[in-house]
Amino acid sequence: MAQLFAPGADALYRLALMTGLACLVAVPVVAAGIVRSSYVTGVGIAPAQPVPFSHKHHAGELGIDCRYCHTGVERLATAGIPPTHTCMTCHSQIWTGSDMLKPVRESYDEKKPLRWVRLNRLPDYVYYNHSVHVTKGIGCSTCHGDVTSMQMTYRANAFEMQFCLDCHRAPEKYVREPDQVWNMTWTPPADQATRGPELVARNHIRGGARLTECGICHR
Amino acid sequence: MSGPPDIAALRARLSGGDGPRFWRSLDAVADSAEFRAYLGAEFPAAARLAAAPGRRGFLKLMAASFALGGLTACGREDGRAYEVPYVDQPERILPGAALSYASCALFDGFANGILVTTRNGRPLKIEGNPDHPWSRGGTDVIGQASVLGLYDPFRSQAVQHLGRPDSWAGFRAAMLAQVPAWRAGGGAGVAVLTGPMTSPTVAAGLARLRAAYPDLRWYASAGASRDGLYEGARRAYGRPLETVPDFAAARVVVSLDGDCLDLGPGQVGLSRRWSDARRAAYADGRLLALHAAAPSPTLTSAKADHAVPVPAARLEALARDFLGFAEGGAMPTADDPAGRWFRRAAQALVEARGAGIVTAGLTGSPELHALVHRLNGALGNTGATLRHTEPAAGQGAGTLAELAEAMGRGAVTALVVLGANPVYEAPGALDFAARMARVPLKVHAGLYYDETGAHADWHLPLAHPLESWGDARSLDGTVGLIQPTVAPLYNGRTLPEMLAFLEGGETEAEDGLALLKRQWRRDGEDAAAFDARFDDALRAGFLPGSAAPTQAVALTGTASPAAPAAPDPSGLDVVFRPDPTLWDGTHADLAWLQELPKPLTKVVWENTVAVSPSLAERMGIATGDVVRIEADGRHVEGPAWITPGQAAETVTLGLGYGRDVPDHLSRGLGYDANALRPTGTPWHLTGARLTKTGARRMPVTTQDLGTMQGADIVRVQPVGGAPVGDPQGAPAPASFYPPPASQDRWVAAQWGMAIDLDACTGCNACVTACQAENNIPVVGREEVARGRWMGWLRVDRYYEGPLDAPATHFQPVPCMHCESAPCELGCPVEATLHDSEGLNLQVYNRCVGTRTCQSYCPYKVRRFNYLDYTGDLPPVRQQQNNPEVTVRARGVMEKCTYCIQRITAARIASAKDAHAPIPDGAVETACQGACPTRAISFGNVADAGARVSAAKRDPRNYALLGHLNTRPRTTYLAGLAPGPDAAPGPAPSGREG
């Protein structure tokens, strides 16, 4: 009768054991990596839009205020995507024949809305309110990144719960003076450690214990 | 639970003092081993699951759940991949923000003032209009559910000709072919049939139409017509009149099968006035006592302090006795329950001459109404506590019987049915469908392609009130304006538009807004001035000062002599009643109303045959036995329901069911009581026979779901007696949570609720409002039978006292938001936990569905999503969902949140600008806002000035199951009862149940 196990069987067995062990470690690591990768989160990826709108040009180079287009940001839960009419306030006067802007003109003529690919979205069970954040001193760039440097707009942060909690646990690290809220290149000033708590007190921002209660965002 | 119950034993148990004092069902009184097992199983559905898998099966399931657990994180394309802004942003529509329009909810044509909350251009929720002079901010179940009616997938969506899709243009062409012949004949042979309506614009349109076609006949049809009321006034005063009671001026109210508090056109306004008056009397240390006699229990008799069942045929005799006594006659001496009830009520009425109210309801006979008018006149109440006005409902139409007769003789060549469903509503004796078949041209316009639509040549979709221009009167005559809150979903037309089209023929008809403006513009009024006045009225929702003026009335003639005794004393009395959630069946396709437990039986999805305990005892009937009621050669069959408080030899049949429209939600539910309705006396039938068929069909009820075990669940405060509430100011038992009062009001409001059980009439408006606000799914009959009813707020109904004539109590039970909540101890993943404002939070995304919290909750208010109840909603139906509230997925627990989305909105609004605390009254929960009697107060209990704190200082305030030391934030104010000196009968006895 032939040998049941060839001389290499032990080595194969050890290799299998090692591979199994390696997988135990590697699979979760790889999986965690994939979930956090921009492939899944979309961070840093600028999708094709119906119109190649450049925040860098409009908000950065021309210096148009965020609120010119995102009109709801100080009053409503949602900042709002501008209606075609807003684009046409300028583009009925300038670049009126531009090929790039053809979809905008068509939308306006045919009363058919533009369909922008959504970049920032939260799960259905999370409720976010723009107005309370900006009026209390949290700036746009804290979540959306420096859009004035984005030729094509992309998602700057993954908006996982950890991201929200970092700020809700310690708002004093992120809170700004009112005039800095719209500053896309804001970095914490040197005296943020003293200025932050002052702003928190002045704006009646409740502390981490309250702001991390589930009912603040989930309902 | 099966087999006829031992009624004699139940009766002995209740009267012998060893039964519970407050009880919910016959099964609970019998306290059988079977019933205990049912309760012990906690939730019937859970019991079935727990019994199913063995150890191996359990492990397999657990392994599979563990392995597949991550899959639940995988999202599905949900329509949010694109952002689609407007091309031109409408001026007032702000994305996601709520925008309210004042309008009217229609109930059989009568208006209640409402505010329609819309978001992103979609109407989502109905709130009461607090400025409306009639409804004063209250709503009813039909009004609350009307927003579902707008998105109802069963609505008629297209013009149909002979059952095939057609178009408005096609209908127009067909009509124009008819017009010359109509014009030539002056409209002879043309019949227009309308439903119940009060709209001045519709009335004017009808008048113009009749002027254009002088020989055209107008008929009106209603499942629950008010003709009896008007005919009664005609017999007493010589003309039809509406009667509006003024409870504020009254010291005693006697109801002879009255329906002030029952679902109906007057419910919202009347129950508000009744509860306000009762509150004011209580503040003076008095009880505004309500005496009620009724053949079958109603909400009005359930709320009565002295209620007695009497057969319908005896109501007129009672009224005659009252009249005799009021005019100085002798007090009858009968010593039966009705006699004892009569003596107390008669004494109270005579002592309160000029400050009493005697009232009869929609279902009363004309003679009863006439006698009640004479009685109120004799007592000096007319003009003092009772006001008479011109009827708001249109008068002068022919009846359905006359129409059927004309059709039968072939005198009708064209029938135009506008917003009515006579084929279903007509009493079976009229044989309406067969006679209608003889009419050459039949046109039907309605919200639904219903039975009449199916029998018509042309069916036309009507516009829903939430998408039309229009007007309607309230019961007091106030003209309310109806404005569209969304563009018509299906190109439906309104009644005034239809009438203008019929009148104008070839000329292009005006649209709804133009017709409305034409109606209300005074002759010679300046256009700009009118527009300003009209816009103000639109914003308010009604025309100020348009209530009908009080009419001076004088009794004519004398009371007619008593009719001879009922010809067939051996037969049973049958009374017909509109369904307490569906009314006459007009709203039968609305799933919210179908799944809304009937206030007294808690039955869902069908109607039952109410039989009295003594009849059940005599005939060996058990609840759920299918019985056959026969009279005049016709019959209906339905499941019996043993109803405490039902008159002994009376059987009650409910309208609104037995619909037969293919593919509609309502098809095949319940039985059609119209088949048995007589034509002369639409609400009452004598000499019927009842037989058991031998079949059984157990109605599905939520009655025993959420049975709580403990003491003092319902408390009753005798007026002038010792306070029954929890002692105020007693040291609070130890708690892990900081006492609310010590907290800075700004840092956190402390939310709490108080529910006044005396004001709660069990009307269910709160339950439907909660369903609309919080995206609560409808689960269907089978799921409810498994104990999976999903309502966050239930209204428990308790009986107290003897089986045959018990007192009735209602108790709404939402989540108590206990300060030391048992549910929070049980959750393995902290999916339910407290926040610093005292809210007991439920975090859906954390919940893994162990249901431990549900079994730990002593109040039984938690609901579990056993199946995916929301995933397959039709797209049009999804539009009703409130975007401010998560739509829950399968496998998570849910419960009342105190409308956390409204609290959040108020918190953000007050924090954003002024950094101020949330003012009292800024947060109104959905149930609180809907309540017609303002029974619910809600607010910051740490603020001594808040209305909720004032309510909780009432000595009637008590915590439900407070002895469990759960420290509930929701507390109750005990219902009121007559003081000890006011009860000449034997005092109720028995231990606490």
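A residue counts as buried if 20 or more other C-beta atoms lie within 10 Å of its own, as exposed if 12 or fewer do, and as partly exposed in between, with C-beta atoms placed from the backbone. This is a predicted model, in which local features need pLDDT of at least 70 and side-chain atom pairs count only at pLDDT 80 or more, whereas totals for chains, interfaces and linings use all residues. Residues are numbered from 1 along each chain as its sequence is written, and chains are lettered from A and ligands numbered from 1 in the order in which they are written.

## Chain A

Chain A holds 11 helices and 1 strand (DSSP runs numbered from the N terminus, helices being H or I of at least four residues and strands E of at least two). Read from the N terminus, the order of these elements is α-α-α-α-α-α-β-α-α-α-α-α. Along the principal axes, the C-alpha atoms of chain A fill a box of roughly 95 × 50 × 35 Å, and 19% of the 219 residues of chain A count as buried.

Of the contacts in chain A with a separation of 6 or more, 72% are accounted for by residues 24 or more positions apart (a contact being a pair of residues whose C-beta atoms, placed from the backbone, lie within 7 Å). Phe159(A) is partly exposed, with 19 other C-beta atoms within 10 Å.

## Chain B as a whole

Chain B comprises 31 helices and 38 strands. Its radius of gyration is 28 Å, close to the 30 Å that the globule rule gives for 993 residues, so chain B is as compact as a globular protein of that length. The C-alpha atoms of chain B fill a box of roughly 85 × 80 × 60 Å along the principal axes, and 55% of the 993 residues of chain B count as buried. Where contacts in chain B join residues at least 6 apart in sequence, 75% of them join residues at least 24 apart.

The domain assignment of chain B (automatic or from a database) gives domain 1 (7-69), domain 2 (160-220 + 395-463 + 488-526), domain 3 (242-384), domain 4 (573-696) and domain 5 (749-977). The centres of domain 1 and domain 2 of chain B, taken over C-alpha atoms, are 54 Å apart. Asn764(B) lies in the loop between strand 28 (751-756) and helix 24 (765-773) of chain B; its phi is near 80°, a positive value in a residue other than glycine, and with 27 C-beta neighbours inside 10 Å Asn764(B) counts as buried.

## The barrel of chain B

A closed barrel of 6 strands in chain B runs 21-25-22-24-23-26, with mixed pairing (strands pair if DSSP finds at least two bridges between them). From one strand to the next, the twist averages 45° (axes are lines fitted to C-alpha atoms, for helices over the stretch in contact, and angles run from 0 to 180 degrees between N-to-C directions). Strand 22 (residues 609-611) and strand 24 (residues 634-642) of chain B pair in the parallel sense over 3 bridges, with Val609(B) opposite Ala640(B) in strand 24 of chain B.

Strand 23 (residues 625-631) of chain B runs antiparallel to strand 26 of chain B, to which 5 bridges join it, and the bridge partner of Arg628(B) in strand 26 is Thr691(B). Strand 23 of chain B also runs antiparallel to strand 24 of chain B, with 6 bridges, including one between Ile629(B) and Val636(B). The hairpin of strands 23 and 24 of chain B has 2 residues between the strands, and in it Asp632(B) takes a positive phi near 50°. In a regular strand the side chains alternate between the two faces of the sheet. The covered face of strand 23 of chain B carries Asp625(B), Val627(B), Ile629(B) and Ala631(B), and the uncovered one Val626(B), Arg628(B) and Glu630(B). Helix 12 (residues 312-326) of chain B lies across strand 21 (572-577), strand 25 (650-654) and strand 26 (684-696) of chain B, at about 85° to strand 21.

## Where the chains meet

The contact takes 34 residues from chain A and 33 residues from chain B. On the side of chain A that touches chain B, helix 5 (84-91), helix 6 (102-110), strand 1 (116-117) and helix 7 (130-135) of chain A each supply at least two residues, and helix 7 of chain A gives the most, with 3 residues. The residues of this side divide into 13 nonpolar, 12 polar and 9 charged (nonpolar being Ala, Val, Leu, Ile, Met, Phe, Trp, Tyr, Cys and Pro, charged being Asp, Glu, Lys and Arg, and polar the others, Gly among them).

Strand 1 of chain A pairs with strand 2 (residues 82-83) of chain B in the antiparallel sense over 2 bridges, and Val117(A) stands opposite Tyr82(B) in strand 2 of chain B.

Conventions: Two residues are in contact if their C-beta atoms, placed from the backbone, lie within 7 Å. The radius of gyration is taken over C-alpha atoms; the globule rule is 2.2 Å times the number of residues to the power 0.38.
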